[in-house]
Amino acid sequence: MLVNGWVGQPFEVGSGVRQGCPLSPLLYAFAIDPFVRRLDGGAVSGVLVGATGDPPLRVVAYADDVSVFISGPEEAQEVVSVMDQYAEASGSKVNQDKCEVLWMGREGESFSLPDAFPVPQPNIKVLGINFGSADYSKQNWESKLSDAEVKVRCWKGWRLSLRERVDLIKTFLLPVFLYVSFVCLLPESLYTRIYSCFFQMLWGNRLNLVKRDVTYSSRQEGGLGMVNPVVFFSLMFLKHNFGNMLAERPPAWVGLFRIWFGPFLHSWESGGPVRSLRVKHGKLPAYVALCLKLLRRWHVTAEEVRSLPRRLLGERIVASAFHAPLALRDCPGHVMREGLRLINLERIPLKLRDQAWLAFHGRLYVRGNLKYRPADDRGCPRSECGGEVETMDHFLLQCPFNVEVYKQVGGALGVPFLHRMSYAEWVYGAFESRMGFNLDTLFLVSLVVRYYTWMARCQVSIRQKVLPVQVVASDILGEVGKIRGLEKDRLRRRAWMEAWRNIKPVAAVC
Ligand SMILES: [Zn+2]
């Protein structure tokens with residue numbers, strides 16, 4: 001054994017289970033079973049919860065984490081003697097350092113405990129969750145939030161696309177809170193903090209360029225398929241607890257839940273409204289009022305809790321309570337639909353997608369869009385523009401450097417109108433009058449042009465480095481040539497010819 005760096009003498013292990021072996025928990029369940037049965041089978045009479053007739057709560061166990069509920073001094077003594085007997089029979093011992101005692105109920109300390117019991121605490125931890133008499137939800141959520149904020153601080157600087165960030169959030173950020181969300185309802189006082197944690201992860205900074213409510217929509221509808229953490233976690237709790245309460249054969253613990261909620265949900269259970277809460281604050285646990293508020297605010301019906309899968313219920317709530325219409329400039333319905341199709345084209349390489357999405361929403365990171373900058377510091381970074389405000393129009397249509405690039409690229413590719421394209425053509429791909437070209441391909445080319453002109457613009461604003469027009473143009477032609485070449489390998493010849501018709505081939509320049 002290795003203790004503080006010192007290696008001890010080897011010894012035989014006579015009993016125990018192997019770490020990491022899938023059989024271990026099952027073997028352990030066999031070993032602890034007599035102990036649990038002894039307590040549950042009459043050694044303690046337990047605590048009555050729920051309706052009369054429900055069995056009392058005596059003991060709950062998850063592997064070696066055993067909680068016993070007692071209501072008198074004789075039972076306390078009985079627990080000690082069952083523990084001693086079990087220790088003698090099995091050779092296992094209770095680790096006193098890991099034992100905790102909590103007084104429950106309003107009376108507080110109402111009898112004295114045997115010496116073998118540890119000193120009662122105001123809070124105890126059971127299976128990783130802190131329980132106590134005060135509002136323990138907040139403590140549990142705060143501790144998980146701190147863990148998550150550490151992760152976000154380390155992830156947010158990564159160079160990832162918005163899509164990848166949403167995936168990262170769903171795969172690694174949600175699970176941090178998953179377990180606690182079943183047991184504790186996310187408190188309202190932490191909504192701001194949890195939103196900011198999730199959205200800092202999404203944007204990589206504190207700036208919300210596009211409205212949060214827009215990001216929750218699917219990509220096809222112009223969003224990012226982002227999760228709404230408040231809906232997600234609150235629903236985890238509601239669905240789990242109310243779902244069990246409404247089940248045909250509800251588990252025993254639901255009785256406790258029913259005591260609190262029964263009076264308010266009587267008509268709700270049969271399709272009616274949730275009764276409003278008119279009970280003095282403090283008589284009910286903190287989460288009760290919030291549960292009722294959420295059920296009412298989001299119009300959640302008992303039928304939905306009973307039969308709608310959680311994901312669908314979540315989508316329904318987000319669509320009705322967190323929906324923002326797309327705020328798009330100069331964009332009639334048919335243009336918007338076509339634009340949404342174009343920005344979601346599978347042909348678009350990953351690195352061009354974020355810009356396509358931001359531009360579609362009119363939210364490229366041009367200085368005119370950055371509200372935190374002082375009004376007199378929103379000028380185009382290029383010196384030839386003399387401080388003219390850098391709006392999207394300026395960047396896309398007017399900035400003389402970009403117009404020069406468009407002319408060169410347009411000439412080389414046989415797209416002579418490139419430098420005369422409108423705002424709607426650049427951001428929505430509204431190329432209605434551009435005959436002779438495949439419009440998807442034209443949009444793809446415009447994305448490549450915008451990507452490289454944007455990178456060149458950032459070289460000026462961040463590094464004060466001005467690239468020559470020819471260099472930027474040849475980067476663009478190289479990238480277009482590369483995409484065209486890759487598609488040639490992927491597509492059937494005829495489809496490829498159709499896609500690239502009338503666009504002049506340009507050899508990739510390195
Ligand atoms: Zn400019």
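Strand 3 (residues 59-62) and strand 4 (residues 65-68) run antiparallel and are joined by four bridges. Strands count as paired if DSSP finds at least two bridges between them. Helices (H or I, at least four residues) and strands (E, at least two) are DSSP runs, numbered from the N terminus. In this pairing, Val-59 stands opposite Val-68 of strand 4. Two residues lie between the strands of the hairpin, where Ala-63 takes a positive phi near 50°. The model is predicted; local features need pLDDT of at least 70, side-chain atom pairs count only at pLDDT 80 or more, and totals for chains, interfaces and linings use all residues. Residues are numbered from 1 along each chain as its sequence is written.

Helix 9 covers residues 286-297. The expected span is 1.5 Å times one less than the number of residues. Cys-291, Leu-292, Leu-294 and Leu-295 of helix 9 are buried. They lie on the same side of helix 9, because they cover an arc of only 160° around the axis. That arc is taken from the directions from the helix axis to the C-beta atoms. Among the elements covering these buried residues are helix 7 (229-245) and helix 8 (254-265). His-299, with a positive phi near 50°, follows helix 9.

Cys-380 sits in the loop between helix 13 (350-360) and helix 14 (392-398). Cys-380 is buried, because 25 other C-beta atoms lie within 10 Å. The cut-offs, with C-beta atoms placed from the backbone, are 20 or more within 10 Å for buried, 12 or fewer for exposed, and in between for partly exposed.

Terms used. Contact = placed C-beta atoms within 7 Å.
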